[in-house]
Amino acid sequence: MKKITIVKLLSIILIGIAALLFTLNDYFLYDRPIGTITAVENHYLETRDGFDGNHQYKERYYLQKITVTMRNGQFKGQTLYAENQYAQSGVYDTKYSQGDDVFVENIEKVEDGDVLLSGDITGTKRDYFVVFVSVLLFGFFIAIGGREGILTVLSLILNVAAFALVLRLYLKGVNILLMTVPMAIFFSAMLLLFMYGPNRKTLISFIATVTSAAVTLILSFIVLRLSPDVDYDFMDYLIQPYEQLDADYIFLSEILIGCMGAVMDIVVTIVMTVDQITAHNPDLPARELLKSCKTVGDDVVGTMIGVMFFSNIAAAVPFILLSMRNGIAFSTIIRYHSFFELSRFLTGSIGIVITIPISAAVAVYFYKGKRRKKTC
């Protein structure tokens with residue numbers, strides 16, 4: 001067993017290193033021009049006074065003169081020069097460093113003795129960070145979970161592939177919400193099937209998950225229809241100009257996807273509780289079984305709501321702090337920049353609370369009600 005474990009760990013490490021090295025050099029996969037920063041000169045520009053509503057502060061501004069070696073496209077191997085201005089706080093701009101892989105646009109040839117290139121840096125290539133974290137995640141899954149870990153990884157890969165397909169179809173004009181609903185059903189089925197196998201517990205968990213998510217989505221849809229139109233101007237990555245109904249569908253899709261994980265976790269907990277109780281005490285009345293489910297639900301609902309809060313707000317915390325540091329009022333941040341994160345958190349929390357009675361009712365029905373019918 002020890003030899004098998006060592007071979008498994010070495011295989012995971014080698015595959016991870018190979019994947020990381022490939023990603024560090026996958027410039028040929030991109031249509032957009034990419035270059036590597038080979039030299040950076042930082043020049044101080046000025047200091048400006050600011051006021052954040054509570055106290056005054058000074059913001060220092062710098063100019064970077066950057067040398068880039070192009071890695072792909074028609075200018076591969078050539079040297080490009082660019083400039084970048086940034087503030088010390090980094091709220092609205094980025095400071096680049098030597099060795100960064102960056103995307104470059106508006107490339108032009110400049111005749112100045114030698115033929116040179118100039119362009120604008122529009123962002124940093126970070127795919128290797130994603131691959132590194134994914135390798136760690138999948139490595140732990142496989143090393144610790146064994147066969148179950150491999151099945152979990154396989155289900156995640158299938159779900160990511162389905163998600164990518166939905167995004168491509170949306171860009172071709174297909175309704176995002178009509179695709180997200182079957183995708184969420186597929187997510188639930190694959191994850192539960194790979195984790196617990198084809199059995200009664202999987203079927204009950206799947207039915208309870210889909211029912212709870214559907215109720216949450218319907219309630220969200222009713223609220224959107226009955227309330228004033230939401231201002232989506234500050235929704236991240238929304239294509240402008242947008243149609244109100246299309247933006248509503250996108251927001252509802254976000255809510256559905258965001259609550260699926262928490263809903264599924266609650267459902268599995270309740271179903272496993274009913275399964276274990278009925279296995280040890282098959283004659284326990286349905287009413288007592290429902291009370292036990294309520295007790296378990298009360299124990300886990302607080303932690304799950306906390307998970308929903310931190311998972312939705314975590315990404316916005318740096319932006320909130322930097323915005324307040326640069327004079328943007330907290331009320332403005334919440335109203336415009338963090339409104340959607342808070343909405344997803346509140347809706348997901350409602351979904352968690354709804355899931356407890358729904359999953360308990362479904363589980364008790366399958367474990368007690370159907371057996372009573374067979375007896376009769």
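User: How many residues does helix H4 have, and what span does H4 reach from its first C-alpha to its last?

Analyst: In this predicted model, H4 covers residues 176–196, which is 21 residues, and reaches 30 Å, close to the 30 Å expected at 1.5 Å a residue.

User: Which residues of H4 are buried, and what do they pack against?

Analyst: An α-helix has 3.6 residues a turn, so residues three or four places apart point the same way. In H4 the buried residues include Ile 176, Met 179, Thr 180, Met 183, Ala 184, Phe 187, Met 190, Leu 191 and Phe 194. The buried residues of H4 pack against helix H3 (147–171), helix H5 (200–226) and helix H6 (244–280).

User: What is found at the ends of H4?

Analyst: Asn 175 caps the N-terminal end, with a side-chain oxygen 2.9 Å from the backbone nitrogen of Leu 177. Just after H4, Gly 197 has a positive phi of about 80°.

User: Which residue has a positive phi although it is not a glycine?

Analyst: Asn 106, at about 55°. Asn 106 belongs to strand S4 (residues 101–112) and is exposed, at 52% relative accessible area.

User: How many aromatic pairs are there?

Analyst: Ring centres within 6.5 Å make a pair, and planes over 60 degrees apart count as edge-to-face. The count is 10 aromatic pairs. Tyr 44 and Tyr 62 have ring centres 5.9 Å apart and planes at 70°, so this pair is edge-to-face. Tyr 44 is in strand S1 (residues 34–51) and Tyr 62 in strand S2 (residues 56–70), so the pair ties together parts 18 residues apart in sequence.

User: Is each of these two tyrosines buried or partly exposed?

Analyst: Tyr 44 is partly exposed at 43% relative accessibility, whereas Tyr 62 is buried at 16%. Tyr 44, Tyr 62 and Tyr 86 form one aromatic cluster.

Key
Residues are numbered from 1 along each chain as its sequence is written. Side-chain values use heavy atoms; hydrogens and water are left out. Helices (H or I, at least four residues) and strands (E, at least two) are DSSP runs, numbered from the N terminus. Buried means under 20% relative accessible area, exposed over 50%, partly exposed in between (1.4 Å probe, protein chains only). The expected span of a helix is 1.5 Å times one less than its number of residues. Contact means heavy atoms within 4.5 Å. A polar contact is a pair of N or O atoms within 3.5 Å; within protein, one must be able to donate a hydrogen and the other to accept it, and residues adjacent in sequence count only if both atoms are side-chain atoms. Rings of Phe, Tyr and Trp (its six-membered ring) pair if their centres lie within 6.5 Å; planes under 30 degrees apart count as stacked, over 60 as edge-to-face and the rest as tilted.
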